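My entries follow in the order in which I looked things up.

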Amino acid sequence: MAYFSEKHGPTSSSPVASPPRWTLAPKMSSWSVSPRRIGLFVLATVLVYSLNSFLLVSKPHKPQRPSYLTEHLPYNSTVLPHAAFQPPEALPHRNADVVDTFASYKYRNTCNISSLDLHSPFAPLCTDRKSLLTAMSSGGRIGHDAPYMPRDCDMRWFSTEEICEILGRFERVIILGDSMMRHVVGSLNVLIRKDLGYGAVTDWNFSPEERQDCFCNYQFNVKACSVQGIFKTGDVVKNDPESLACPANTIDVIIEQMIRFPIPSDELDRLRALLPAKKPTRPYAFVFGHGLWNDLDLQATLDWLDTLLDVSVQQAPWLGSRSQPSVSHARSRGKAAVAAKGERSKQGSGFWPRLFLTPNAAGKEKPDEWLVSQGNKALMIFEEAVREEVQRKGVEHLGTWNMSIQSNKFDGVHLDLRGNLIKAMMVMNWLNMLEVENF
């Protein structure tokens, strides 16, 4: 039977045979989900993620300074008109300056030391290394053992977390010098171990007597506790890793004691062993300290420094050199010095941060026989002369006489825990300002 369609003409009403089942499949049947396809998708995702992770790890992380050092931040200098010192800037990076960063440290209450007892913050903050080093070298205290304040512009008092981040910008921080410099390393360990009681010493192997004799302020007693001092953070990682607040394998601070000139050959060999011939992924920083063991002899100190600079650049040419010793000084040191100078000049300009710390002030316990050659007048003259000479060699200078003249000292020479913590924080401020992004 048929009926008429105006549009299509006669159309049969007879039923049409159904097409085979397979012809009714959707057009996208080739993309239907199956266990095999799910497995291939998961495998491809894992491969892409693994490749991306490999590329991120294989590309070394370039150290960077925090944004407050590289960007201009506004400062209102009239917060308190006519005040001698303005309050610190109300900015996030100054939060640690106005609180007791030792609040969570071990033995905080027993040792009775607050970070606010050591440094009194104010504004403005120093914005470059030159003004920072001048301010820290020229600062002082308002009263004996009062909180220390730089002059004209302020330094930071970092939290332990900030200290770990700063040290982590460097492959290694090498400190070279005498017992005063060893105490800088000890104080840094107090800060990164968050331990005011035993942070500077090897308390993991102490006898009961040592735990009593080398506690809190007495960690820096050179007569009772010098052997027990920590010489490198690697020893903490090896013997007491749980005490270290910094992430594992991110920091490396070490001291090599080189106390007098001429420097013994075995001490120079130890320095060479610290320096790789191939350029590392992060920069090295050097902190020098010398003077008392050569009786504040300026020429001996300069020869000591030049020897270390020469050995360093010969062992690690990637350090380069930003400045050369004077020709007259090179002649006074003979042919070896001239050859070393020529070797340095061939290396070109490199990123080689170097800081020289001159000795702190003498105290009233200084033995009388040393008052002429190592008393405060001699120390002041020595600090001024060293500053002028080392800057000619491309080495920056930090004076500690002003910071320490009104501080406690064990034997008229060595600062106590409080004074050494300030000195260590001054070094941290210098490290923080270094343009590590240029390495």
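**Entry 1: a bridge partner.** I looked up Gly289 and found that its bridge partner in β8 is Leu357. The model I am reading is a predicted one. Strand β7 covers residues 284–289 and strand β8 covers residues 354–357. I noted that these two strands pair in the parallel sense, over 4 bridges.

**Entry 2: the whole sheet.** Which strands make up the sheet, and in what order? I wrote down 5 strands in the order β6-β5-β7-β8-β9, in an open sheet with parallel pairing. The edge strands are β6 (253–257) and β9 (396–398), and each of them pairs on one side only.

Entry 3: Helix α11 (residues 298–315) does, touching β5 (172–177), β7 and β8. The direction of α11 makes about 160° with that of β7. Helix α15 (residues 376–392) packs on the sheet as well, where it touches β8 and β9. For α15 I recorded an angle of about 160° with the direction of β9.

Entry 4: I looked at how β6 is held. Strands β5 and β6 run parallel and are joined by 5 bridges. Leu176 stands opposite Glu256 in β6. I counted β6 as largely enclosed by the rest of the structure, because 4 of its 5 residues are buried.

**Entry 5: the nonpolar core.** Which residues touch the most other members of the largest nonpolar core? They are Ile175 and Leu431, in a core of 108 residues. Helix α17 gives the most to this core, with 11 residues. I listed the contacts of Ile175, leaving aside neighbours within four places in sequence. They include Val253, Ile254, Ile255 and Glu256, and also Val287. Met181, Val184, Val185 and Leu188 are on that list too. As a general remark, nonpolar side chains tend to be buried together in soluble globular proteins.

**Entry 6: two packed helices.** I turned to α4 and α17, whose axes are 10 Å apart and which pack at an angle of about 170°. An angle over 145 degrees counts as roughly antiparallel, and α4 and α17 are therefore roughly antiparallel to each other. On the α4 side the contact is made by Arg129, Leu132, Leu133 and Met136. Met426, Asn429, Trp430 and Met433 make it on the α17 side.

**Entry 7: salt bridges.** How many salt bridges does the structure hold? I have 22 in my notes. In one of them the side chains of Glu435 and Arg129 meet, at 2.7 Å from N to O. Glu435 lies in the segment after α17 (417–433) and Arg129 in helix α4 (residues 129–138), so the pair ties together parts that are 306 residues apart in sequence. Glu435 is partly exposed, at 25% relative accessibility, whereas Arg129 is buried, at 14%.

Glu89 forms a salt bridge with Arg94, with the closest N and O atoms 2.7 Å apart. Is Glu89 buried or exposed? I put Glu89 down as buried, because its relative accessibility is 14% and buried means under 20%. Arg94 is also buried, with a relative accessible area of 1%. Glu89 and Arg94 belong to a network of salt bridges that also links Asp97, Asp154, Arg156 and Glu162.

I checked another pair, Asp100 and Arg108, whose closest N and O atoms are 2.8 Å apart in a salt bridge. Both Asp100 and Arg108 are buried.

**Entry 8: two loop residues.** Where does Leu118 lie? I found Leu118 in the loop between α3 (108–111) and α4. Leu118 is buried, with a relative accessible area of 2%. Its C-alpha is 7.9 Å from that of Gly419, although Leu118 and Gly419 are 301 residues apart in sequence. Beyond its neighbours within four places in sequence, Leu118 has contacts that include Arg418, Leu421 and Ile422, as well as Phe102 and Trp157.

Last, I looked up Asp203, in the loop between α6 (179–193) and α7 (208–213). Asp203 counts as buried, at 14% relative accessibility. Leaving aside neighbours within four places in sequence, I noted that Asp203 is in contact with Arg193, Tyr198 and Arg211.

Methods: Residues numbered from 1 in each chain as written. Predicted model: local features only at pLDDT ≥ 70, side-chain atom pairs only at ≥ 80, totals over all residues. Heavy atoms only, no water. Pairing = 2+ DSSP bridges. Contact = heavy atoms within 4.5 Å. Axes fitted to C-alpha atoms, helices over the stretch in contact; angles between N-to-C directions. Salt bridge = Lys/Arg side-chain N within 4 Å of Asp/Glu carboxyl O. Buried < 20%, exposed > 50% of the residue type's maximum accessible area, 1.4 Å probe, protein only. Core = buried A, V, L, I, M, F, W, Y, C linked by side-chain atoms within 4.5 Å. Parallel < 35°, antiparallel > 145°, perpendicular 65-115°, else oblique.
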